[in-house]
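Have the structure open and follow along.

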Amino acid sequence: MTGSAAPAGPVLRARPGRPPWPLVLPALVGVAFLVLPMLGLVVRAPWPDMGRRVTEPDVLAALWLSLSTATVTTALCLVFGVPLAWLLARTDFPGRRLVRALVAVPLVVPPVVGGVALLLLLGRNGLLGRYLDAWFGITVPFTPAAVVLAQTFVAMPFLVISVEGALRGADRRYEEAAATLGAGRVTVFTRVTLPMVLPGVGAGAILCWARALGEFGATITFAGNFPGTTQTMPLAVYMAMQRDPEAAIVLSLVLLLVSLAVLATLREKWVNTA
Amino acid sequence: MRDLPLGLTAALTAAAAALTACGGGTDPEAGEMTVFAAASLTDAFEELAAEFEARHPGTEVVLNFAGSSELAAQINAGAPADVFAAADTATMGQVVEGEGLNDEWAAEHGEDGAVFATNALRIAVPADDPAGIEDLDDLAGADVSVALCADEVPCGAATAAALEAAGLDITPVTYEGDVRAVLTKVELGEVDAGLVYATDVRAAGEGVTGISFPEAEEAVNAYPIGLLADAPRPGPAADWIDLVLSQDGAAVLAEAGFGAP
Amino acid sequence: MGEHRVSVLCADLRLSRGDFDLDVALSVAAGEVLALLGPNGAGKSSALRALAGLLPLTAGHVRVDGDDHTRTPVERRPIGMVFQDYLLFQHMSTLDNVAFGPRCQGESKADARARAAELLGHMDLAGYTRARPRNLSGGQAQRVALARALAVRPRLLLLDEPMAALDVSTRLHVRGRLRRLLEEFDGATVLVTHDPLDAMVLADRIAVVEGGRVVQEGAPAEVARRPRTPYVARLVGLNLFRGRADGTAVALDGGAVVEVHEAHHGPALVAFPPRAVALYRRRPDGSPRNLWELTVDGVERFGDQVRVHLTGTLDLAADISPAALAELGLVRGDTVWAGVKAAEAECYPG
């Protein structure tokens, strides 16, 4: 009997089978490694007075500052990062390899160093900052704008790298098809390329937002720490840790839960529309 | 173990015994001795460690510098340290209540450790002093940007005490998480002034000028040192503390900007 | 052939990349369909991409309706192109796919959609305007791609392997339908294919491309009957030989002589189909004019026939029935007599 003749009656479908343990075992270890430390937070949290602590004005202010700055940061990264990713993926300008390497620098550099670098550039005596101060009376450090800049510095690579990967994976022949239909390069980008790589852009934006939300080192160095103005949740956690570890746990949990809720909602939306 | 061959079981037991043997039984004077010390002590203790190792050949001083409260948390969590030198008495108190100090040593030197140095606040201004700061009152000026330590950290407590003594209410642009961060902002000229310790001004060199002010006397930080209850090397550790408390130790500490106890 | 009609496309395509080198001159009249037929890597797709402006020419020119478009960017050429996998935009409805071109040319959204709806209706796709491309059948997707290409009112229509994405069972029907739709187009059409059947059915004229050159050009029937290269002969299923004719006898380059029914003189090509070859175990008595003793090189199934490959003074293929094969009992290495009637052998100047 060969397989060409289909047997009459119900088809016997091959069962998918159990996933192989050489994959499952390391995966379980991976999950445990990521989740168990969070469990530590949950177990040690002072649940009885959680409600009171969470609604303290300083906590709410820090939470609001974190969410709003991370969102503005993501928007900035999209505005500048998507075109940058396009240039890296689709053009061949001199020094492109160098630029690609430079884009990854914030991933390697400790965020505190990034903060110092931003101070040296945009600080009151910085390369650019001194002119901003002298000509326009603008000082960037110690403002919410500085928080956004610090977050953008560390989060941008996540967006650029995801979007560049999506662009390189996209079938360029669709862009050629659009060109033969009379679409100029900008139209091709907005009407064809961007919709095609939208999942990559979405993934990059989510990574970018999450990274911005957790940003600490560059923020505290460049933007400082002042409640309501530049004290984001991670900074509030760090400060609380110095005196009141329980408060730090509460703040960490709040940050964790809010970011999980936002990511889950975004993901849901994403899966439904894609 | 039931299914293991007898020979293998014996070999494992022997190996375990050998490992245990490595932990003790050697020259009590030789080996490593670990000192956990507040970050501000870095320069002074490194110099003293060289001196100590010269006097005690075979003993290596391992220095671990960090914020006092982080070190206290590490010690109470079981970190293998012999000596703890804190930047304030409150932090030493956490360790006294946690792991505790060596009873014998504490009976001789004090239940809450021995104070070996003090550190007083200074106004730190950039070398060009753009805001023309001369005393503490100038920090309250409307156009003066100031960096202070956050209340949560030891230097912040000292700052609050000094400002209270002066009857001043200063709104800084930032509450930094440690004193070095305040110093960095001053060094880069991002703020017109900051309150830091005398030792920080000394360590910063020419980029920063220190201005002393009378109210600083109200918030002098005492640096206590103690031999820990679970110290693996109590003998050399006691010798180290003696060196720190000696005249030679005081000279090195004074060079780094510390005051006498 | 288009001698009596005006040439819409007049192109001299020359480009070299690495060791590949293309040199193809094309001329296509209004309403005419030209097929570029050739093996993979022959350069036919490069020629098509060069016409579209997707590949820059090293030298030569592209003229459409007398206007020089050699340096016109892709988006401003008067072209419409149907790609191999159709490349319909997956994030748009069928209607918006077709309306895309008119929108890019500056038409209002309403006008573009009206034109798209009209084209889709004409292609019997009125019920699929809101469908997503991934939900269309292969034949429907092909018509949407054609509608999208025609929506920009091109003068030159380019089709890259339009049948390749379809499964074999639907090809016959879809091919006939595409033929009728192409007949309605009044500009010039160039289509690229490696399938001789597509070329025969869809095109008015075939240009065979091999190694970057046009090696034969003519009406489909002409190309099918009188192949000029072994590649074309194999495509159309003929035995082809090159030689020198002296009357009805053609002396082949390999030494054998073939008797043909039509007299010629000078360099000539001889072609005859494999089914015209008769095989005998023994030398037949009432012998045909052409008879060679050859060796069996291989036997393979070919449709409901069996194809026997023979080698010797000349290499040829013979198609016989399975019953005849059983009777002859041929295996590789056997010696066999092959006969061809002179009336079956086509001879033409080489």
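Let's begin with chain B, which has 10 helices and 10 strands. Keep in mind that this is a predicted model.

| Property of chain B | Value |
|---|---|
| Buried share of its 261 residues | 47% |
| Share of contacts with a separation of 6 or more that join residues 24 or more positions apart | 75% |
| Accessible surface | about 11,800 Å² |
| Share of that surface belonging to carbon and sulfur atoms | 51% |

As for its neighbours, two pairs of chains touch, and the pair A and B has the most contacts. Chains B and C, on the other hand, don't touch: 49 Å separates their nearest C-alpha atoms.

Now zoom in on helix H3 of chain B, residues 68–76, where the buried residues are Ser68(B), Ser69(B), Leu71(B), Ala72(B) and Ile75(B). Look down the axis of H3(B) and these buried residues fall within an arc of 160 degrees, so they line one face of the helix. What covers them? After H3(B) comes Gly78(B), with a positive phi near 105 degrees.

Over on chain A, Val31(A), Phe33(A), Leu34(A) and Val35(A) make a nonpolar surface patch of about 440 Å². Phe33(A) sits in helix H1 (residues 21–44) of chain A. Is Phe33(A) buried or exposed? Its relative accessible area is 64%, over the 50% cut-off, so Phe33(A) counts as exposed.

Key. Residues are numbered from 1 along each chain as its sequence is written. Chains are lettered from A and ligands numbered from 1 in the order in which they are written. This is a predicted model: local features need pLDDT of at least 70, side-chain atom pairs count only at pLDDT 80 or more; totals for chains, interfaces and linings use all residues. Side-chain values use heavy atoms; hydrogens and water are left out. Helices (H or I, at least four residues) and strands (E, at least two) are DSSP runs, numbered from the N terminus. Buried means under 20% relative accessible area, exposed over 50%, partly exposed in between (1.4 Å probe, protein chains only). Contact means heavy atoms within 4.5 Å. Accessible areas come from the Shrake-Rupley method with a 1.4 Å probe; for residues, only the protein chains shown count as cover. Patches are made of residues with over 30% relative accessible area and no salt bridge: like charges are joined within 9 Å, nonpolar side chains (Val, Leu, Ile, Met, Phe, Trp, Tyr) within 5 Å. A salt bridge is a side-chain nitrogen of Lys or Arg within 4 Å of a carboxyl oxygen of Asp or Glu. The arc is that of the directions from the helix axis to the C-beta atoms.
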